[in-house]
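Please consult the sequence and the structure while reading.

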Number of protein chains: 2
Amino acid sequence: MVDRRSGVPAFRQVAADLREKIASGRFSPGEQLPSERDLVDSYGVSRPTVRDAVNLLRAEGLVTSEHGRGVFVRPPASIRRIARSRLSREARERNRGAFLADAAAQGFTPSTSVKVRFEEADDRVSGYLAIEPGSDVTVRDRVMRADGLVVQLAVSRLPRELTRDTAIEQVDTGVGGTYARLEEAGHRLASFVEHVGARMPTPDEASLLQLADGVPVITVTRVAYREDGSPIEMNDMTLAADRYQLSYEWAAD
Amino acid sequence: MVDRRSGVPAFRQVAADLREKIASGRFSPGEQLPSERDLVDSYGVSRPTVRDAVNLLRAEGLVTSEHGRGVFVRPPASIRRIARSRLSREARERNRGAFLADAAAQGFTPSTSVKVRFEEADDRVSGYLAIEPGSDVTVRDRVMRADGLVVQLAVSRLPRELTRDTAIEQVDTGVGGTYARLEEAGHRLASFVEHVGARMPTPDEASLLQLADGVPVITVTRVAYREDGSPIEMNDMTLAADRYQLSYEWAAD
DNA sequence: CGGCTCAACTGGTCAAGACGAGTTACCCAG
DNA sequence: CTGGGTAACTCGTCTTGACCAGTTGAGCCG
């Protein structure tokens, strides 16, 4: 039952009560919550109010609802760790890229689809690549799948001058991927920087990555630099935050 | 006007139309959207339907609504970059910690409040620290503020044995912070690992960090290791994803 | 002219009711 | 015993209507 005189909105009281019951384990992961009609009776509020409460919990990522079945406590998804800084030259020479290598190690069958296109650099891109706004940029748009499921989106951009007459403008870049072709062309890679952030997905991303409500995406912008410190490539990656963590390691001094 | 025969729910059509108008710039950042009553008229739907649409956009982080004022397009927050791997020994010897150093560099007045407590290690903590579940752990709970605003929560945990009779169990750990005291006690730090993820905030976190709807938090778990590879400290950090990005850098091989 | 009041906005909350659509389990006919 | 249909659940959508609670600005009054 809700307290009408407390000043706290009824749907927030209902949400808080359900949240507490989930946190304390009285509703365990995967378990079905009482039906909306039952909640209407037990809290003494109308159905829209109950639905407001459930919507709040859904936006927090605590529950999912399935049409015709019920509302369920979201079981914690198994989180896969992705170790970064594994872009060593030797590894590149052995594999077709980090993604396929990880896949083999972790026992799922990977696949990727790639689209290559060309565009003019906007302010963000030109800033990262240290080129003039409006210059030609080669864009490699990748969708990575594990067992058919989309797990990561990656958009790689390079100044067009660097990719002319190379396999980088082809769908299949060959053994070692883009970075190997760049080094063959005399652009030795010296360092990488990754900028990590998070945000809510666009509707497109949510459907592609099959994200439940209340699940953010992790965004990674990786920039590869030459030995003189000039940027050579940028790569925007998008991952489901309920399935992935990134791990970075470094020495203490 | 919504298309009733399309099969797409009305509130989603309204949301999609508003989203498109925002993306295309017809509603610019900071600008006020038409009032809910106006939207009712222009789309020919009821107010709860309009509110469902606006709620969707709020959960996506696209708009914020202010009681009595209106609904506004969320201007992109200025994102601060936090460079990691700045935990060098020399820097520690100069400062009281990375946070205060960054603050001074970026020109805001920092403050932190610390609570020290002791608890028994649960499965997660014992796993990270490689100790027996149930062993005593020293917990330092920090709230970091910039110009009075809470910007980061940090919870540091160490095996109790390491902190007895040291300043680590005091609120003020002195120059160089926890890591400096550990090294004085003969525990030389060799490496750090950070696990980065994201999720929606709990209601507590949302109010502490003053997060708008639809803004996730970035979670960082940093583990410090000795030279023999054994863990010595873990630190759970929580940041507002609309204000911070983490930057990691490493050499190509 | 300055300060206050109040009306007319804004979004926030809640009810009652109706129908649609997906899922599941049961029952009955073959 | 099996198969299919159906009834009874589930959540999804949408309407009408009402009142509350902040915010703002115009206009009145001192």
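Helices (H or I, at least four residues) and strands (E, at least two) are DSSP runs, numbered from the N terminus. This is a predicted model, in which local features need pLDDT of at least 70, side-chain atom pairs count only at pLDDT 80 or more, and totals for chains, interfaces and linings use all residues. Residues are numbered from 1 along each chain as its sequence is written, while chains are lettered from A and ligands numbered from 1 in the order in which they are written.

**Helix H3 of chain B**
- Just after H3(B), B:Gly61 adopts a positive phi of about 80°.
- The buried residues of H3(B) (20 or more other C-beta atoms within 10 Å of their own, C-beta atoms being placed from the backbone) include B:Val50, B:Leu56 and B:Leu57.

**Surface near DNA strand C**
- DNA strand C is surrounded by 22 residues, each with its C-beta atom, placed from the backbone, within 6 Å of the strand.
- Among the closest are A:Ser46, A:Thr49 and B:Ser35.

**Contact between chains A and B**
- Chain B and chain A each contribute 34 residues to the contact, for which C-beta atoms, placed from the backbone, lie within 7 Å.
- On the side of chain B that touches chain A, S7(B) provides the largest share, 11 residues.
- Strand S7 (residues 189-199) of chain A and S10(B) run antiparallel and are joined by 6 bridges; two strands pair if DSSP finds at least two bridges between them.
- The bridge partner of A:Glu194 in S10(B) is B:Tyr248.

Terms used:
Buried ≥ 20, exposed ≤ 12 C-beta atoms within 10 Å, placed from the backbone. Contact = placed C-beta atoms within 7 Å.
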